[in-house]
Amino acid sequence: MKKQLTIGLFGFGCVGTGLYEVLNKTTLLQASIKHIVIKDLSKKRIIDANYFSTDADRILDDEEINVVVELINDYEAAYEIVTKALKSGKHVVSANKKLIAYYLDELISLAKENQVSFLYEASVGGSIPIIRNLEEYYNNDSLSNINGIVNGTTNYILTKTGEGESFDEALKNAQDLGFAELDPTSDVDGFDAKYKLVLLLKHAFGFTAKQDAVWNYGIRQLKDWDATYAREKGLKIKLLAFGTRINNQVIGFVAPHLIPANHFAFNVENEFNAVVVEALFSDKQLFLGKGAGSHPTASAVLSDISALQFDYAYEYKKSKTEERLTFENDFSLKVYVSATTQEKLDEVEFADTLETYSGQSHSYKIGLIRYSEIQKMDWNAASEYFLAVVPDSVELDTKSILSASESTELIEELS
Ligand SMILES: NC(=O)C1=CN([C@@H]2O[C@H](COP(=O)(O)OP(=O)(O)OC[C@H]3O[C@@H](n4cnc5c(N)ncnc54)[C@H](OP(=O)(O)O)[C@@H]3O)[C@@H](O)[C@H]2O)C=CC1
Ligand SMILES: N[C@@H](CC=O)C(=O)O
(Lines give C-alpha, C1' and ligand atoms only; values in the text may rest on other atoms or scores of the structure.)
(Ligands and ions follow the chains in the order given, each with its own letter.)
Protein backbone atom coordinates (compact mmCIF):
# COMPACT_ATOMS: atom_id res chain seq x y z
CA MET A 1 0.00 0.00 0.00
CA LYS A 2 1.19 3.54 -0.80
CA LYS A 3 2.16 5.54 2.25
CA GLN A 4 1.94 9.28 2.93
CA LEU A 5 5.34 10.92 2.65
CA THR A 6 6.10 14.06 4.65
CA ILE A 7 9.29 15.65 3.41
CA GLY A 8 11.90 17.76 5.15
CA LEU A 9 13.95 19.44 2.42
CA PHE A 10 17.54 20.64 2.82
CA GLY A 11 18.54 23.14 0.11
CA PHE A 12 16.44 25.35 -2.11
CA GLY A 13 18.85 26.15 -4.94
CA CYS A 14 18.76 24.90 -8.52
CA VAL A 15 17.60 21.34 -7.70
CA GLY A 16 15.66 22.11 -4.50
CA THR A 17 13.55 24.75 -6.25
CA GLY A 18 13.10 22.37 -9.18
CA LEU A 19 11.86 19.67 -6.81
CA TYR A 20 9.30 22.03 -5.28
CA GLU A 21 8.04 22.88 -8.78
CA VAL A 22 7.84 19.32 -10.12
CA LEU A 23 6.20 18.07 -6.89
CA ASN A 24 3.53 20.74 -7.35
CA LYS A 25 2.88 19.65 -10.91
CA THR A 26 2.62 15.93 -10.26
CA THR A 27 -0.77 14.63 -9.19
CA LEU A 28 -0.11 10.97 -8.43
CA LEU A 29 2.32 11.28 -5.55
CA GLN A 30 1.11 11.46 -1.94
CA ALA A 31 3.97 13.64 -0.76
CA SER A 32 4.26 17.13 0.66
CA ILE A 33 7.12 19.35 1.80
CA LYS A 34 6.64 20.34 5.45
CA HIS A 35 9.76 22.38 6.06
CA ILE A 36 12.84 23.61 4.18
CA VAL A 37 16.26 24.30 5.71
CA ILE A 38 18.62 26.60 3.83
CA LYS A 39 21.78 28.51 4.66
CA ASP A 40 20.92 32.16 4.08
CA LEU A 41 17.52 33.32 5.37
CA SER A 42 17.89 36.74 3.76
CA LYS A 43 17.72 35.36 0.18
CA LYS A 44 14.51 36.00 -1.78
CA ARG A 45 12.54 32.75 -2.37
CA ILE A 46 9.76 31.86 -4.79
CA ILE A 47 7.51 30.59 -1.96
CA ASP A 48 6.27 31.73 1.44
CA ALA A 49 8.99 32.57 4.01
CA ASN A 50 7.20 30.42 6.62
CA TYR A 51 8.55 27.30 4.92
CA PHE A 52 12.16 28.22 5.69
CA SER A 53 14.61 28.16 8.55
CA THR A 54 18.32 27.57 9.09
CA ASP A 55 17.66 25.11 11.91
CA ALA A 56 18.38 21.52 10.79
CA ASP A 57 16.69 20.14 13.91
CA ARG A 58 13.34 21.57 12.80
CA ILE A 59 13.44 18.69 10.30
CA LEU A 60 15.56 16.10 12.07
CA ASP A 61 13.55 16.22 15.33
CA ASP A 62 10.14 16.35 13.67
CA GLU A 63 8.55 12.92 14.03
CA GLU A 64 5.94 13.62 11.37
CA ILE A 65 8.69 14.03 8.74
CA ASN A 66 9.52 10.57 7.42
CA VAL A 67 11.65 11.58 4.39
CA VAL A 68 14.70 13.84 4.31
CA VAL A 69 15.64 15.14 0.88
CA GLU A 70 19.20 16.47 0.94
CA LEU A 71 19.98 18.90 -1.91
CA ILE A 72 22.74 21.13 -0.54
CA ASN A 73 26.08 22.11 -2.04
CA ASP A 74 28.29 21.33 0.98
CA TYR A 75 29.24 17.65 1.37
CA GLU A 76 30.53 17.94 4.93
CA ALA A 77 27.37 19.61 6.20
CA ALA A 78 25.42 17.04 4.16
CA TYR A 79 27.25 14.23 5.98
CA GLU A 80 26.00 15.55 9.34
CA ILE A 81 22.44 15.92 8.03
CA VAL A 82 22.24 12.57 6.25
CA THR A 83 23.81 10.50 9.05
CA LYS A 84 21.52 12.10 11.66
CA ALA A 85 18.48 11.58 9.47
CA LEU A 86 19.26 7.90 8.91
CA LYS A 87 19.93 7.39 12.63
CA SER A 88 16.55 9.03 13.38
CA GLY A 89 14.84 6.41 11.23
CA LYS A 90 14.04 8.75 8.31
CA HIS A 91 14.40 7.72 4.67
CA VAL A 92 16.92 9.83 2.80
CA VAL A 93 17.02 10.92 -0.84
CA SER A 94 20.18 12.73 -1.95
CA ALA A 95 21.75 14.07 -5.16
CA ASN A 96 25.11 14.63 -3.51
CA LYS A 97 27.60 12.43 -5.38
CA LYS A 98 30.59 13.84 -3.49
CA LEU A 99 29.07 12.95 -0.12
CA ILE A 100 28.11 9.49 -1.33
CA ALA A 101 31.45 8.71 -3.04
CA TYR A 102 33.28 9.65 0.18
CA TYR A 103 31.02 7.82 2.65
CA LEU A 104 29.22 5.16 0.59
CA ASP A 105 29.77 2.08 2.77
CA GLU A 106 29.07 3.95 6.02
CA LEU A 107 25.83 5.37 4.64
CA ILE A 108 24.73 1.98 3.30
CA SER A 109 25.38 0.40 6.73
CA LEU A 110 23.54 3.19 8.56
CA ALA A 111 20.49 2.82 6.32
CA LYS A 112 20.49 -0.95 6.83
CA GLU A 113 20.92 -0.74 10.63
CA ASN A 114 18.04 1.73 10.88
CA GLN A 115 15.85 -0.13 8.37
CA VAL A 116 15.35 2.88 6.13
CA SER A 117 16.06 3.58 2.46
CA PHE A 118 18.91 5.70 1.17
CA LEU A 119 18.31 6.55 -2.51
CA TYR A 120 20.42 8.72 -4.85
CA GLU A 121 19.34 8.36 -8.48
CA ALA A 122 19.90 12.08 -9.22
CA SER A 123 23.53 11.88 -8.15
CA VAL A 124 24.59 10.17 -11.41
CA GLY A 125 23.52 11.35 -14.85
CA GLY A 126 20.89 13.84 -13.63
CA SER A 127 17.61 12.71 -15.21
CA ILE A 128 18.97 9.36 -16.49
CA PRO A 129 17.63 6.37 -14.50
CA ILE A 130 20.95 4.56 -14.42
CA ILE A 131 21.34 3.52 -10.77
CA ARG A 132 17.93 1.89 -10.53
CA ASN A 133 18.47 0.09 -13.83
CA LEU A 134 21.83 -1.23 -12.69
CA GLU A 135 20.17 -2.38 -9.44
CA GLU A 136 17.11 -4.02 -10.96
CA TYR A 137 17.75 -5.07 -14.53
CA TYR A 138 21.03 -6.96 -14.72
CA ASN A 139 20.63 -9.46 -11.85
CA ASN A 140 21.42 -12.45 -14.04
CA ASP A 141 23.67 -10.75 -16.54
CA SER A 142 27.33 -10.08 -15.90
CA LEU A 143 28.48 -6.56 -16.73
CA SER A 144 31.75 -6.01 -18.56
CA ASN A 145 31.82 -2.27 -19.22
CA ILE A 146 30.21 0.92 -18.08
CA ASN A 147 31.31 4.21 -19.53
CA GLY A 148 30.09 7.53 -20.76
CA ILE A 149 29.62 11.24 -20.33
CA VAL A 150 28.49 11.88 -16.75
CA ASN A 151 29.25 15.57 -16.32
CA GLY A 152 26.94 18.12 -17.91
CA THR A 153 29.10 21.18 -17.28
CA THR A 154 32.17 19.91 -19.13
CA ASN A 155 30.08 18.51 -21.97
CA TYR A 156 28.38 21.91 -22.25
CA ILE A 157 31.79 23.65 -22.26
CA LEU A 158 33.20 21.27 -24.90
CA THR A 159 30.12 21.81 -27.07
CA LYS A 160 30.14 25.59 -26.79
CA THR A 161 33.91 26.02 -27.24
CA GLY A 162 33.50 23.89 -30.40
CA GLU A 163 30.97 26.52 -31.56
CA GLY A 164 33.41 29.37 -30.94
CA GLU A 165 32.69 30.45 -27.35
CA SER A 166 35.66 30.95 -25.04
CA PHE A 167 36.20 28.46 -22.21
CA ASP A 168 35.49 31.09 -19.53
CA GLU A 169 32.34 32.30 -21.27
CA ALA A 170 31.03 28.73 -21.64
CA LEU A 171 31.79 27.95 -17.98
CA LYS A 172 30.03 31.14 -16.85
CA ASN A 173 26.94 30.16 -18.89
CA ALA A 174 27.01 26.63 -17.39
CA GLN A 175 27.09 28.24 -13.94
CA ASP A 176 24.22 30.61 -14.78
CA LEU A 177 22.16 27.66 -16.06
CA GLY A 178 22.68 25.87 -12.71
CA PHE A 179 24.77 22.99 -14.14
CA ALA A 180 28.08 23.64 -12.39
CA GLU A 181 29.07 22.75 -8.83
CA LEU A 182 29.62 25.53 -6.28
CA ASP A 183 33.34 25.06 -6.93
CA PRO A 184 33.42 24.39 -10.71
CA THR A 185 36.95 22.93 -10.43
CA SER A 186 35.10 19.79 -9.42
CA ASP A 187 33.49 19.68 -12.87
CA VAL A 188 36.38 20.99 -14.94
CA ASP A 189 39.05 18.71 -13.39
CA GLY A 190 36.91 15.57 -13.54
CA PHE A 191 36.28 15.15 -9.79
CA ASP A 192 32.49 15.28 -10.15
CA ALA A 193 32.63 12.62 -12.89
CA LYS A 194 34.93 10.52 -10.68
CA TYR A 195 32.46 10.60 -7.76
CA LYS A 196 29.75 9.45 -10.16
CA LEU A 197 32.01 6.69 -11.49
CA VAL A 198 32.54 5.39 -7.94
CA LEU A 199 28.74 5.01 -7.63
CA LEU A 200 28.43 3.38 -11.04
CA LEU A 201 31.20 0.90 -10.18
CA LYS A 202 29.40 0.00 -6.95
CA HIS A 203 26.12 -0.77 -8.69
CA ALA A 204 27.67 -2.35 -11.80
CA PHE A 205 30.48 -4.42 -10.28
CA GLY A 206 29.61 -4.60 -6.59
CA PHE A 207 32.68 -3.05 -4.99
CA THR A 208 33.39 0.31 -3.42
CA ALA A 209 36.37 1.99 -5.04
CA LYS A 210 38.05 4.53 -2.80
CA GLN A 211 37.47 7.83 -4.55
CA ASP A 212 41.13 8.83 -4.23
CA ALA A 213 42.22 5.59 -5.92
CA VAL A 214 40.44 6.57 -9.13
CA TRP A 215 42.37 8.78 -11.57
CA ASN A 216 40.47 11.88 -12.69
CA TYR A 217 41.77 14.21 -15.35
CA GLY A 218 39.57 16.95 -16.79
CA ILE A 219 39.55 19.49 -19.58
CA ARG A 220 41.24 22.52 -17.96
CA GLN A 221 44.46 22.08 -19.99
CA LEU A 222 42.81 21.62 -23.39
CA LYS A 223 44.55 23.92 -25.92
CA ASP A 224 43.44 25.29 -29.28
CA TRP A 225 45.91 23.01 -31.07
CA ASP A 226 44.31 19.93 -29.43
CA ALA A 227 40.86 21.04 -30.59
CA THR A 228 42.29 21.70 -34.07
CA TYR A 229 43.93 18.24 -34.15
CA ALA A 230 40.59 16.64 -33.26
CA ARG A 231 38.66 18.67 -35.83
CA GLU A 232 41.12 17.96 -38.65
CA LYS A 233 40.94 14.22 -37.97
CA GLY A 234 37.11 14.25 -37.78
CA LEU A 235 37.26 13.47 -34.05
CA LYS A 236 35.72 15.17 -30.98
CA ILE A 237 37.08 15.53 -27.46
CA LYS A 238 34.67 14.29 -24.77
CA LEU A 239 35.22 13.77 -21.05
CA LEU A 240 34.38 10.13 -20.32
CA ALA A 241 34.15 8.15 -17.12
CA PHE A 242 35.32 4.64 -17.82
CA GLY A 243 34.89 1.33 -16.00
CA THR A 244 35.86 -1.95 -17.59
CA ARG A 245 36.22 -5.48 -16.31
CA ILE A 246 39.18 -7.62 -17.34
CA ASN A 247 38.79 -11.09 -15.78
CA ASN A 248 38.39 -10.47 -12.03
CA GLN A 249 39.79 -6.97 -12.12
CA VAL A 250 38.14 -3.65 -12.86
CA ILE A 251 39.91 -0.65 -14.34
CA GLY A 252 38.30 2.76 -13.87
CA PHE A 253 39.24 6.37 -14.54
CA VAL A 254 37.98 9.71 -15.83
CA ALA A 255 39.78 11.39 -18.73
CA PRO A 256 39.18 13.25 -21.99
CA HIS A 257 38.82 10.91 -24.97
CA LEU A 258 39.36 11.61 -28.67
CA ILE A 259 36.34 9.95 -30.22
CA PRO A 260 35.37 9.26 -33.82
CA ALA A 261 31.99 9.99 -35.47
CA ASN A 262 30.75 6.41 -34.92
CA HIS A 263 31.31 6.61 -31.14
CA PHE A 264 28.06 6.72 -29.10
CA ALA A 265 29.09 9.98 -27.41
CA PHE A 266 29.99 11.89 -30.60
CA ASN A 267 26.63 13.64 -30.96
CA VAL A 268 25.88 13.95 -27.24
CA GLU A 269 26.07 17.70 -26.75
CA ASN A 270 25.44 20.48 -24.22
CA GLU A 271 24.40 19.27 -20.75
CA PHE A 272 23.28 15.87 -22.04
CA ASN A 273 24.88 12.79 -20.52
CA ALA A 274 25.10 9.32 -22.05
CA VAL A 275 26.12 6.05 -20.43
CA VAL A 276 26.72 2.75 -22.19
CA VAL A 277 26.31 -0.43 -20.20
CA GLU A 278 27.75 -3.60 -21.70
CA ALA A 279 26.75 -7.02 -20.40
CA LEU A 280 27.34 -10.62 -21.41
CA PHE A 281 23.84 -11.36 -22.72
CA SER A 282 22.25 -7.97 -23.40
CA ASP A 283 25.37 -6.58 -25.14
CA LYS A 284 25.51 -2.75 -25.35
CA GLN A 285 22.72 -0.49 -24.10
CA LEU A 286 22.75 3.29 -24.22
CA PHE A 287 21.15 5.55 -21.59
CA LEU A 288 20.81 9.16 -22.75
CA GLY A 289 19.30 12.26 -21.14
CA LYS A 290 19.87 15.62 -19.52
CA GLY A 291 22.65 15.23 -16.98
CA ALA A 292 22.21 18.53 -15.15
CA GLY A 293 19.73 21.33 -14.60
CA SER A 294 16.82 22.08 -12.34
CA HIS A 295 13.82 20.06 -13.53
CA PRO A 296 15.72 17.16 -15.15
CA THR A 297 17.64 16.53 -11.90
CA ALA A 298 14.52 17.11 -9.78
CA SER A 299 12.73 14.47 -11.87
CA ALA A 300 15.19 11.83 -10.62
CA VAL A 301 14.72 13.04 -7.02
CA LEU A 302 10.96 12.84 -7.56
CA SER A 303 11.29 9.28 -8.85
CA ASP A 304 13.21 8.28 -5.68
CA ILE A 305 10.55 9.89 -3.47
CA SER A 306 7.89 8.06 -5.43
CA ALA A 307 9.76 4.75 -4.97
CA LEU A 308 9.66 5.29 -1.19
CA GLN A 309 5.88 5.02 -1.34
CA PHE A 310 6.49 1.34 -2.09
CA ASP A 311 9.32 0.94 0.47
CA TYR A 312 11.93 0.65 -2.28
CA ALA A 313 15.56 0.22 -1.16
CA TYR A 314 18.74 -0.66 -3.06
CA GLU A 315 19.85 -4.23 -2.46
CA TYR A 316 23.39 -3.95 -3.89
CA LYS A 317 22.92 -7.30 -5.57
CA LYS A 318 26.24 -7.19 -7.45
CA SER A 319 28.06 -6.87 -4.10
CA LYS A 320 26.69 -10.30 -3.27
CA THR A 321 27.24 -11.97 -6.66
CA GLU A 322 30.55 -10.43 -7.83
CA GLU A 323 32.52 -10.95 -4.64
CA ARG A 324 35.90 -11.57 -6.26
CA LEU A 325 36.28 -8.34 -8.23
CA THR A 326 39.03 -5.91 -7.26
CA PHE A 327 40.01 -2.46 -8.48
CA GLU A 328 43.18 -2.59 -10.58
CA ASN A 329 45.75 0.10 -11.25
CA ASP A 330 48.23 -1.88 -13.35
CA PHE A 331 47.30 -1.19 -16.96
CA SER A 332 48.36 0.76 -20.04
CA LEU A 333 46.43 3.27 -22.13
CA LYS A 334 46.68 4.41 -25.72
CA VAL A 335 46.86 8.19 -25.46
CA TYR A 336 47.44 11.43 -27.36
CA VAL A 337 49.73 13.76 -25.38
CA SER A 338 50.52 17.27 -26.55
CA ALA A 339 53.13 19.53 -24.98
CA THR A 340 54.21 23.12 -25.40
CA THR A 341 57.74 21.99 -26.36
CA GLN A 342 59.42 18.81 -27.65
CA GLU A 343 61.59 18.77 -24.50
CA LYS A 344 58.48 18.68 -22.30
CA LEU A 345 57.00 15.92 -24.44
CA ASP A 346 60.21 13.89 -24.13
CA GLU A 347 59.84 13.99 -20.34
CA VAL A 348 56.78 11.73 -20.63
CA GLU A 349 57.83 8.12 -20.94
CA PHE A 350 55.86 6.19 -23.56
CA ALA A 351 56.05 2.39 -23.64
CA ASP A 352 55.52 2.57 -27.39
CA THR A 353 55.00 5.36 -29.97
CA LEU A 354 52.48 5.11 -32.81
CA GLU A 355 52.48 8.67 -34.21
CA THR A 356 54.53 11.76 -33.48
CA TYR A 357 54.64 15.45 -34.47
CA SER A 358 57.08 18.20 -33.58
CA GLY A 359 56.19 21.80 -34.45
CA GLN A 360 56.97 25.36 -33.44
CA SER A 361 53.94 26.00 -31.25
CA HIS A 362 53.65 22.49 -29.80
CA SER A 363 54.48 18.83 -30.23
CA TYR A 364 52.41 15.70 -29.75
CA LYS A 365 52.74 11.96 -29.58
CA ILE A 366 50.25 9.12 -29.75
CA GLY A 367 51.32 5.94 -28.07
CA LEU A 368 51.04 3.52 -25.26
CA ILE A 369 51.63 4.75 -21.73
CA ARG A 370 51.66 2.83 -18.47
CA TYR A 371 49.30 4.01 -15.76
CA SER A 372 52.27 4.12 -13.34
CA GLU A 373 53.81 6.78 -15.65
CA ILE A 374 50.55 8.77 -15.72
CA GLN A 375 50.47 8.74 -11.93
CA LYS A 376 53.83 10.55 -11.69
CA MET A 377 52.24 13.90 -12.53
CA ASP A 378 49.18 15.92 -11.47
CA TRP A 379 47.89 16.31 -15.04
CA ASN A 380 45.12 18.73 -14.01
CA ALA A 381 47.80 21.17 -12.86
CA ALA A 382 50.33 20.50 -15.65
CA SER A 383 49.69 23.48 -17.92
CA GLU A 384 52.32 22.45 -20.51
CA TYR A 385 50.42 19.27 -21.39
CA PHE A 386 47.11 17.90 -22.56
CA LEU A 387 46.29 14.20 -22.62
CA ALA A 388 43.39 12.37 -24.21
CA VAL A 389 42.69 8.64 -24.38
CA VAL A 390 42.44 7.26 -27.92
CA PRO A 391 39.69 4.61 -27.93
CA ASP A 392 39.78 1.36 -29.93
CA SER A 393 37.34 2.78 -32.43
CA VAL A 394 39.97 5.29 -33.63
CA GLU A 395 41.92 3.51 -36.35
CA LEU A 396 45.36 2.75 -34.93
CA ASP A 397 46.85 -0.68 -34.70
CA THR A 398 46.56 -1.45 -30.97
CA LYS A 399 43.83 -1.80 -28.33
CA SER A 400 43.24 1.32 -26.24
CA ILE A 401 43.25 -0.24 -22.77
CA LEU A 402 45.56 -3.10 -21.99
CA SER A 403 45.87 -5.06 -18.78
CA ALA A 404 49.36 -5.39 -17.28
CA SER A 405 50.03 -8.74 -18.99
CA GLU A 406 48.64 -7.61 -22.35
CA SER A 407 50.79 -4.47 -22.39
CA THR A 408 53.95 -6.40 -21.44
CA GLU A 409 53.28 -8.82 -24.32
CA LEU A 410 52.67 -5.98 -26.78
CA ILE A 411 55.77 -4.03 -25.75
CA GLU A 412 57.92 -7.18 -26.03
CA GLU A 413 56.44 -7.86 -29.46
CA LEU A 414 57.20 -4.33 -30.66
CA SER A 415 60.70 -3.98 -29.24
N1 LIG B 1 22.57 21.46 -10.38
C2 LIG B 1 22.53 20.28 -10.98
O3 LIG B 1 22.29 20.18 -12.20
C4 LIG B 1 22.77 19.05 -10.20
C5 LIG B 1 23.14 19.10 -8.88
N6 LIG B 1 23.33 17.93 -8.18
C7 LIG B 1 23.67 18.00 -6.77
O8 LIG B 1 22.54 18.50 -6.06
C9 LIG B 1 22.96 19.21 -4.90
C10 LIG B 1 22.36 20.62 -4.95
O11 LIG B 1 22.85 21.27 -6.11
P12 LIG B 1 22.26 22.68 -6.59
O13 LIG B 1 20.81 22.75 -6.32
O14 LIG B 1 22.76 22.85 -7.97
O15 LIG B 1 23.03 23.68 -5.62
P16 LIG B 1 22.74 25.23 -5.38
O17 LIG B 1 24.07 25.85 -5.15
O18 LIG B 1 21.89 25.79 -6.44
O19 LIG B 1 21.90 25.23 -4.02
C20 LIG B 1 22.45 24.77 -2.85
C21 LIG B 1 21.49 24.95 -1.71
O22 LIG B 1 22.07 24.40 -0.54
C23 LIG B 1 21.81 25.30 0.54
N24 LIG B 1 22.79 25.05 1.60
C25 LIG B 1 24.15 25.13 1.54
N26 LIG B 1 24.69 24.75 2.71
C27 LIG B 1 23.66 24.43 3.53
C28 LIG B 1 23.57 23.97 4.86
N29 LIG B 1 24.66 23.76 5.60
N30 LIG B 1 22.34 23.73 5.41
C31 LIG B 1 21.23 23.95 4.66
N32 LIG B 1 21.23 24.38 3.38
C33 LIG B 1 22.44 24.62 2.84
C34 LIG B 1 21.87 26.67 -0.09
O35 LIG B 1 21.21 27.59 0.75
P36 LIG B 1 20.98 29.12 0.32
O37 LIG B 1 19.91 29.05 -0.73
O38 LIG B 1 20.52 29.78 1.55
O39 LIG B 1 22.29 29.61 -0.20
C40 LIG B 1 21.14 26.40 -1.41
O41 LIG B 1 19.74 26.53 -1.22
C42 LIG B 1 24.49 19.18 -4.93
O43 LIG B 1 24.93 18.10 -4.16
C44 LIG B 1 24.81 18.93 -6.41
O45 LIG B 1 26.05 18.29 -6.59
C46 LIG B 1 23.16 16.70 -8.75
C47 LIG B 1 22.80 16.59 -10.05
C48 LIG B 1 22.62 17.76 -10.90
N1 LIG C 1 27.83 19.74 -11.92
C2 LIG C 1 27.19 18.55 -12.34
C3 LIG C 1 25.74 18.62 -11.97
C4 LIG C 1 25.09 17.31 -12.09
O5 LIG C 1 25.50 16.32 -11.53
C6 LIG C 1 27.30 18.40 -13.84
O7 LIG C 1 27.65 19.38 -14.50
O8 LIG C 1 27.06 17.29 -14.34
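## Ground rules

Everything here comes from a predicted model, where local features need pLDDT of at least 70, side-chain atom pairs count only at pLDDT 80 or more, and totals for chains, interfaces and linings use all residues. Residues are numbered from 1 along each chain as its sequence is written, while chains are lettered from A and ligands numbered from 1 in the order in which they are written.

## The annotated span

An unreviewed UniProt entry puts "domain: Homoserine dehydrogenase catalytic" on residues 129-305; such annotations may be inferred rather than shown by experiment. That span is 38% helix and 27% strand, and its end C-alpha atoms lie 14 Å apart. Helices (H or I, at least four residues) and strands (E, at least two) are DSSP runs, numbered from the N terminus.

Alanine 292 sits in the loop between strand E12 (283-290) and helix H11 (294-308). It counts as buried because it has 28 C-beta neighbours inside 10 Å; the cut-off for buried is 20 or more other C-beta atoms within 10 Å.

## Strand E16

All eight of the eight residues in E16 (residues 363-370) are buried. Strand E14 (residues 331-339) runs antiparallel to E16 with eight bridges, and serine 332 has arginine 370 as its bridge partner there. Strands pair if DSSP finds at least two bridges between them.

E15 (residues 352-358) is also antiparallel to E16, with six bridges, and a hairpin joins E15 to E16 through four residues.

Technical notes:
A residue is buried if 20 or more other C-beta atoms lie within 10 Å of its own, exposed if 12 or fewer, and partly exposed in between; C-beta atoms are placed from the backbone.
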